[in-house]
Amino acid sequence: MATVLQPKDYASDQEVRWCPGCGDYAILKAVHKTLADLGASREKTVFVSGIGCSSRFPYYMSTYGFHTIHGRAPAIATGIKLANPELDVWVVTGDGDGLSIGGNHTLHALRRNVDINIILFNNEIYGLTKGQYSPTSRRGTRSPSTPQGSIDNPVSACQFALGAGARFVARAVDTAQPHLVQVLRRAHEHRGASFVEVFQNCVVFNDGVFDNFTAKEVAPEAQLHLEHGLPLLFGKDRSRGLRLKPGRFELEAVTVGPNGVSLDDILVHDERNRALAMLLAGLEPPQFPVALGVLYCDSGPCYDRDLYEQIQAAGPRREDLNALIRQGRTWSVAP
Amino acid sequence: MATSAVSRPREVRDSVVIRFAGDSGDGMQVTGAQFTVETALAGNDLTTFPDFPAEIRAPAGTTFGVSAFQIHFGAQEILTPGDEVDVLVAMNPAALKVNLGDLRAGGLIVADTGAFTERNLQKAGYSSDPLDLEGDALARYQVLKLDITRHTLEAVKPFGLGQKDALRCRNMWALGLLLWMYGRDRQATREAIEKKFARRPEIAQANIACLNAGHAFGETAELGSDITGFAVPRAPVQPGTYRTINGTDAIAFGLVTGVHKAGLGKLVFAGYPITPASALLHAMANLKQYGVVTFQAEDEIAAICAVIGASFAGALGVTSSSGPGVALKTEALGLAIAAELPLVLVNSQRAGPSTGMPTKTEQSDLFQAVYGRNSDAPLAVLAAATPADAFECAVEAVRIAVTYMTPVILLSDGFLANAAEPWLLPDIEAIPAFPVRHHTDPQGFYPYMRDPKTLARVWAVPGTPGLEHRIGGIERSYETGHISYDPDNHQRMTDVRAAKVAGIANSIPEQQVAHGPARGRLAVVGWGSTYGPIHSAVRQAREAGLEVSHIHVRWLNPFPGNLGELLRQFDRVLVPEMNKGQLVTMLRSTYLVPAEGLNKVTGKPFKSAEILEAIRARMEG
């Protein structure tokens, strides 16, 4: 009888070297718990990472792992999956690794819908290289390379993923477990590329950057927890909600009750609606809460599965290479 | 072969070079390919070289739209596409303009006068008609002016084709004439036409009618007293079964064969379109039933990264590109070296730097292959010498990759990729196997445990119970495989990576001499596709009594163990290369021999005459 694995069974024997207080510890813990809940096979599970603090992740797992090069984990993960589609492949990346140098590979892995789970640790900074701003940093971020504040506009990881054609897009906050575990579990369940953005706090170089929606005092008003089929309500007593501004394709946050706003006016979350997901992904405080949970989930054709179907359709496996090289026109010269 | 009522005796020729040239819409590649088949069936040895235009569809009739196909065939061993052209078939003025310079004095021009209209002359940049024999333009040559256009339209009249389809048959008329001229059969061509146009029988019949009409014209028309038919006798070749093959297909077959010999079930091939390497991606995409998974990646870097992942997962990863794409793959190669994963990278070299001349050949990526990474990052390098040789080289590349757990770069070039030659078909079963085993035993396992003989680490793949481990690009401990910044350890790991690649020399044959004795006054040393011209030049030099030998290097890193000693048996060493001096530099630095370069960087292969001249100059001095 197989032993039931506990979360600690998914941890390697290596001493974890992230800074004390780093959000990565919480994510690591959530992943251990998720795999334990799934009864995941350690020998069939592979964690692939790029370069960055996030990317040290595989060393702390007792599964197979490959710590690769900056930005390229989705491409390497794709190759692993194509070589052995039976493997359970996870990609751990960050906002720099996955959206700066790696943006192209992230885009194509999502577009192709390769059956891998991508966890992007978004701390809106480059931690490992000591604090430069990243493609998700807010405009005006002061950093060693931008002493007067950054002047480029950030990209939204989830809008990028949706734009790339991702079929599963979700968000969570690093320390909010069990929610993170639930999200990771749904990501794993989804057959195809799953994209999870985790807001992760970098305690040394960008501490508190998400406080405007994660701090205890503001969280209820500033976070919208999505549940498919349930109304988009938030706030301390769930008295606030989102609806379409009358006559416009634009969301507005309203209070249910006053001014004739009833529960019926509030939009109901539909995980299969990409346009809605795009709007939700763009919500920012202070005007709007940050949307968390599964923004979008709508399975579609999956690259690795389709590839192997094509190989099957090409015909039975052949081993006779002598016949292969003799196809076409040959001629013989007698002795 | 039908003989006419009044058949004139055919002059015997030892070897001939024909270049078919026309607008890219004129079907010159098809014409050349069919002439090649008929020539192979006639028993001649041959080498071909297609010369594609750089543009996809240049304006019709312009000089940059000219497409050509050259075939050198003969009654003896044919090693090059031919230094000089004997017969130029010019289907329009632009084809004549572009190719005339390569025609030898006294050579024959077969020109379609029907295409030498004022408009076409203008587009080709002629101010007057060069075919007007009152002028001097073509005084040095024999000129056969034929209104192939009119003859074609006549021949296809019964088939009711539109003007455009009718004119497309001109190439078959020209082919028919040339097949008659050199005494080739037409049966294989007829069959090929029928197969190609199976769905449009009227087009098939029209083409065949033109083929026959061109042939009949040769037989019956008075072409001129000095234009007769020729006979090119069979070449003495090794008995066996042959097919023609180009470098691309040879490499595809070799890769599949290598994986089969390794006992691996799967080859994962990823590439990105790039001239002249795209053809290999296409060839592999059609081998699904042979355990090949192909993936057109989003860019060059993704392609190599995907196959690194595939190798990590236990398949053989293979990627292919040309110079600029290999440049992009550099960092990933470093990862494969550090992680000690098997990988084959095929580089079909082209003229550079940067975009360079994508459709022109060169061999200037040797330094890149051997040295081109940050840090001390050695990998194995080998180079194919001829299209058929590329098959063996590909098998060997796979063997080295999986036996030594290392990336291997196989160097080819644009010429080899496209040129074809007859290939004596090997018996695949007779090729020695080199079975590789994925590690399965958890006892004492750590991912960097090594085979004491090869220094290769074990290949432990995901999915194997009890062997769960993590690898990466950061330096790792020799003893445990975990991340290590220890100074002595880095030295040790650097040394073992170097020793592993150097040790490949223990499993490769000693360097042989391709032609001539193993000592003498001069060794001409080459690598890659200079094989043909060097061999031809050295053969001619030896026939003239010169003490010169030809040494051709396949394994470029590491070199065969005896190469230095072999070079020291010669007074002088000459290294012809299509680059500014790369092998010559490596030989000088590795062996301290005063080797001299003969360097040509024009986008065109060496002519054997150029090398012969250089040999004479050094022998006389």
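Good morning. Across the interface of chain B and chain A, the rule finds two salt bridges, a salt bridge being a side-chain nitrogen of Lys or Arg within 4 Å of a carboxyl oxygen of Asp or Glu. In one of them, the side chain of Glu191(B) meets that of Arg329(A), at 2.7 Å from N to O.

The model is predicted: local features need pLDDT of at least 70, side-chain atom pairs count only at pLDDT 80 or more, and totals for chains, interfaces and linings use all residues. Residues are numbered from 1 along each chain as its sequence is written, chains are lettered from A and ligands numbered from 1 in the order in which they are written, and side-chain values use heavy atoms, with hydrogens and water left out.

Let me turn to the extent of the interface. Contact, meaning heavy atoms within 4.5 Å, links 71 residues of chain B with 59 residues of chain A. The two chains bury about 5500 Å² between them, 62% of it on carbon and sulfur atoms; this is the accessible area (1.4 Å probe) lost on putting the two parts together, summed over both. Of the area that chain B buries against chain A, 15% comes from Gln289(B), Tyr290(B) and Arg470(B), more than from any other three residues.

In E17(B), Arg470(B) is the bridge partner of Gly65(A). Strands here are DSSP runs of at least two residues, numbered from the N terminus, and pairing requires at least two DSSP bridges. Thank you.

Conventions:
Helices (H or I, at least four residues) and strands (E, at least two) are DSSP runs, numbered from the N terminus.
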